[in-house]
Amino acid sequence: MRIVCISDTHGQHAAIRLPEGDLLIHAGDFTPDGQLADTARFMQWLDGQPFPHKVLISGNHDFLAEREPGLFRSLLPAGCIYLENEGAEIAGLRIWGSPITPWFHDWAFNRQPGPDIRRYWQAIPEGLDLLITHGPPYGIRDLNLEGSLAGCRDLNHELWRARPRAHVFGHIHEAYGITQVEEIRFINASQLDHRYQLANPPIVIDL
């Protein structure tokens, strides 16, 4: 299966040129700040993308999904799978997705490090083909402009228990790219750079 990975489009989705593929994944932050109108525009765009399968998670900017989940889910286009700390199977691929990120200025889906956030990562099942989280694990594609590693330590611990074949995320725009660690491919698919300019192409992987 050919998988096209994007993340952190922040309302600039219309300018993205997507390659062909079987599955489109958006790893969150599809709006600037979770407004209803911006969310609806993104969903209309997503509905028009010619992929047999589409999977979406939210990010820390996507407030509508957390504050008004019923309204948010009513906007999802037909055929799009939205994952919020849950899994799905598509064409034999086992997938699990979560919008949770470590606490930072009280954004959407923020949780405190330690037991509060760890319970979400402990729910990640083993034997996954694809793990999708909004934020990166600590130490992998998470180096920010300040020179700090901004990923989640608790996520890093639990993903090595689960050992997915691939892990797609975004959140740290300046850490875009692919890293292979042992048998896991880590994909930071952030489309925007640190200045919130559209700078990076979608990342394509085959599973």
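Relative accessible area, found with a 1.4 Å probe on the protein chains only, defines buried (under 20%), exposed (over 50%) and partly exposed (in between). The legends below describe a predicted model, in which local features need pLDDT of at least 70 and side-chain atom pairs pLDDT 80 or more, while totals for chains, interfaces and linings use all residues. Residues are numbered from 1 along each chain as its sequence is written, and side-chain values use heavy atoms, without hydrogens or water.

**View 1**
The largest pocket has a volume of about 580 Å³. A pocket is an open set of points, on a 1 Å grid over the protein atoms alone, where a 1.4 Å probe fits and protein lies on both sides within 12 Å along at least five of seven lines; lining residues have an atom within 4 Å of a point. The volume is the space filled by probe spheres set on the points, which are joined across faces, edges and corners. The lining of this pocket comprises 26 residues, and those nearest its centre are Phe 104, Asn 144, Ala 150, His 171 and Ile 172. Sorted by class, the lining contains 10 nonpolar, nine polar and seven charged residues. Here Ala, Val, Leu, Ile, Met, Phe, Trp, Tyr, Cys and Pro are nonpolar, Asp, Glu, Lys and Arg are charged, and the others, including Gly, are polar. Strand β7 (101-102) and helix α5 (153-162) each contribute at least two residues to the lining. Helices (H or I, at least four residues) and strands (E, at least two) are DSSP runs, numbered from the N terminus.

**View 1. Helix α5 and its packing.**
The buried residues of α5 are Asp 154, Leu 155, Asn 156, Glu 158, Leu 159 and Ala 162. They pack against α4 (115-121), β9 (130-133), β10 (166-169) and β12 (184-188), where contact means heavy atoms within 4.5 Å. Just after this helix, Arg 163 adopts a positive phi of about 50°.

Arg 163 forms a salt bridge with Glu 182, with the closest N and O atoms 3.2 Å apart. A salt bridge places a side-chain nitrogen of Lys or Arg within 4 Å of a carboxyl oxygen of Asp or Glu. Because Glu 182 lies in the loop between β11 (177-181) and β12, and Arg 163 in the loop between α5 and β10, this pair ties together parts that are 19 residues apart in sequence. Glu 182 is exposed, at 57% relative accessible area, and Arg 163 is partly exposed, at 35%. Glu 183 also forms a salt bridge with Arg 163, and the closest N and O atoms are 2.7 Å apart. Glu 183 lies in the loop between β11 and β12, so its pairing with Arg 163, in the loop between α5 and β10, links parts 20 residues apart in sequence. The relative accessibility of Glu 183 is 41%, and it counts as partly exposed.

The structure holds 12 salt bridges. In one of these, the side chains of Glu 86 and Arg 73 meet at 3.5 Å, N to O. Glu 86 belongs to strand β5 (residues 86-90) and Arg 73 to helix α3 (residues 69-74), so the pair ties together parts that are 13 residues apart in sequence. Glu 86 is partly exposed at 30% relative accessibility, and Arg 73 is partly exposed at 39%.

**View 2. Positive phi in two loops.**
Most residues other than glycine have a negative phi. Ala 91, however, has a positive phi near 50°. Ala 91 sits in the loop between β5 and β6 (93-98) and is exposed, at 63% relative accessibility. For His 171, phi is also positive, near 75°. His 171 is located in the loop between β10 and β11 and is partly exposed, at 23% relative accessibility. This histidine is among the residues nearest the centre of the largest pocket.

**View 3. Two cysteines without a bond.**
The structure holds zero disulfides, a disulfide being a pair of cysteine sulfur atoms within 2.5 Å. The cysteine sulfur closest to that of Cys 5 is in Cys 80, 14 Å away, which is too far for a bond. Cys 5 is buried, at 0% relative accessibility, and Cys 80 is also buried, with a relative accessible area of 11%.
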